[in-house]
Amino acid sequence: MLEVGGPPVQRPIEFDRAGSWLYHSSFPSARESARCAFDGMREGVTSVEGPRFRPARVIPALMTVGLVLVFVACSGDPYPQSTLHPTSDGGTAIDRLFSQIFWWAVVVFVVVESALLYTVIRFRARPERGDPKHVHGNTLMEISWTLAPAAILVFIAVPTILTIFETDGSAPANAIQVEVIGHQWWWEFRYPQLDLVTANELHIPQGHPVQLIMSSADVIHSFWVPKLHGKRDVMPGRTTRLAFTADSVGTFLGQCAEFCGASHANMRMRVMVQAPSEFDAWVQAQRQSTPVDTADRRVVAGRQLFGRTCIACHAIDGIGGAIGPDLSHVGSRTTIAAGILPNDSAGLTRWIGNPGAEKPGNLMPQFPLEPDDLAALVAYLRSRR
Ligand code: HEC
Ligand SMILES: [Cu+2]
């Protein structure tokens, strides 16, 4: 069963299965088997029936994995999606729970590993020692290693349950409500109290409670902005809630966290936490209808074209379909198509020119547009600030 480069080599043990010989009970001794494996490596022996265990191959692989981990840890990146730097009350509650459980795990690890190392070294086999003394249990130790984990579980369970209630999504009466609707593959945000609609970029004020009332237009999605809060599923036919108060101004990245089809990975979002005055200004601007610049012929042409084709799926100022994002103020967003393209002329041209190439499987069709028409549409949408 062996293919040997050169004349057959006489070997102390016959084995037919590379994978099983290590575990073979009739094998004489571990030292023997190690020697055999080394002989095999030196002479380039290969088995015809299965892969051979080669420590010399595994070690470089392990070292590579180790090095990659080290380099990942070294990157100075600010971790835009780290849950370890929470920026809201809810996020902080979850982070506190995580730290508590983490330190309990550290205690368990240190105690168990120390006991293990101590035992391995202290009671190791020595030639002068005979068989170890046989014992039948130790009542004190058995009681203590049953009670200790039970106590630790209580220390973990109580804060966990408290945090579940703390982050259950109920908000004070003055919270700003936002209806979050997941779509394949973008996010719709409706503010019923403020009478405005936007997409993919959620604006909220710093230091004011926010209540997200979430559902889905199609399949199950999951709303996740790691720095702000934990995940929450977004489901068709069911309402889930998330409530929090953001404590820092900034732009926080998020993404759908439940596999929802071909472009799941392209379903991103941004949460813009603004100072209250800036948020108010944003709300005012979003509630006003942007006048069409009739002096710009491209904008006028773009508007006409939009009214003929795009309006079936996109609303502007309350008129149009609801299959795609509301475009009343699309020019005020920093990105388009759920955060996958920058919202500039180049990004819009790429998107409208061939949406399927940018985002596989998405519902917006490709239109046969002349370059002039495409430019006119881009100019019109850019003007919708
Ligand atoms: C059949 C429906 C449909 C038609 C018709 C349609 N779109 Fe869309 N559009 C969508 C959908 C759905 C999305 C969201 C895609 C995604 O992000 O997954 C979208 C996204 C967009 C976006 C990105 C908006 C944002 O904020 O992310 C722009 C811009 C856009 N469409 C422009 C147009 C233009 C211009 C036309 C006409 C030439 C048009 N669309 C026609 C369905 C449509
Ligand atoms: Cu999704």
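Visitor: Are helices α3 and α4 roughly parallel or roughly antiparallel to each other?
Guide: The axes of α3 (residues 89-122) and α4 (residues 139-166) come within 10 Å and cross at roughly 170 degrees. Axes here are lines fitted to C-alpha atoms, for helices over the stretch in contact, and angles run from 0 to 180 degrees between N-to-C directions. Angles under 35 degrees count as roughly parallel, over 145 as roughly antiparallel, 65 to 115 as roughly perpendicular and the rest as oblique. The two helices are therefore roughly antiparallel.

Visitor: What pLDDT do local features need?
Guide: Residues are numbered from 1 along each chain as its sequence is written, while chains are lettered from A and ligands numbered from 1 in the order in which they are written. This is a predicted model, where totals for chains, interfaces and linings use all residues, side-chain atom pairs count only at pLDDT 80 or more, and local features need pLDDT of at least 70.

Visitor: How many residues of the contact of α3 with α4 are nonpolar?
Guide: Two residues are in contact if their C-beta atoms, placed from the backbone, lie within 7 Å. The helices meet through residues including I94, L97 and W104 of α3 and F155, I156 and P159 of α4. Ala, Val, Leu, Ile, Met, Phe, Trp, Tyr, Cys and Pro count as nonpolar, Asp, Glu, Lys and Arg as charged, and the others, Gly among them, as polar. Three contact residues are polar, one is charged, and the nonpolar ones number 10.

Visitor: Which residue is the bridge partner of L212 in β10?
Guide: Strand β7 also pairs with β3, in the parallel sense over seven bridges. With β10, β7 pairs in the antiparallel sense over six bridges. There, L212 has as its bridge partner L242.

Visitor: Which helix packs on the three-stranded sheet?
Guide: The order of this open sheet is β6-β12-β11, with mixed pairing. Five bridges join β6 to β12, and these two run parallel. Touching both β6 and β12, and pointing about 130 degrees from the direction of β6, is helix α5.

How values were computed:
Helices (H or I, at least four residues) and strands (E, at least two) are DSSP runs, numbered from the N terminus. Two strands pair if DSSP finds at least two bridges between them.
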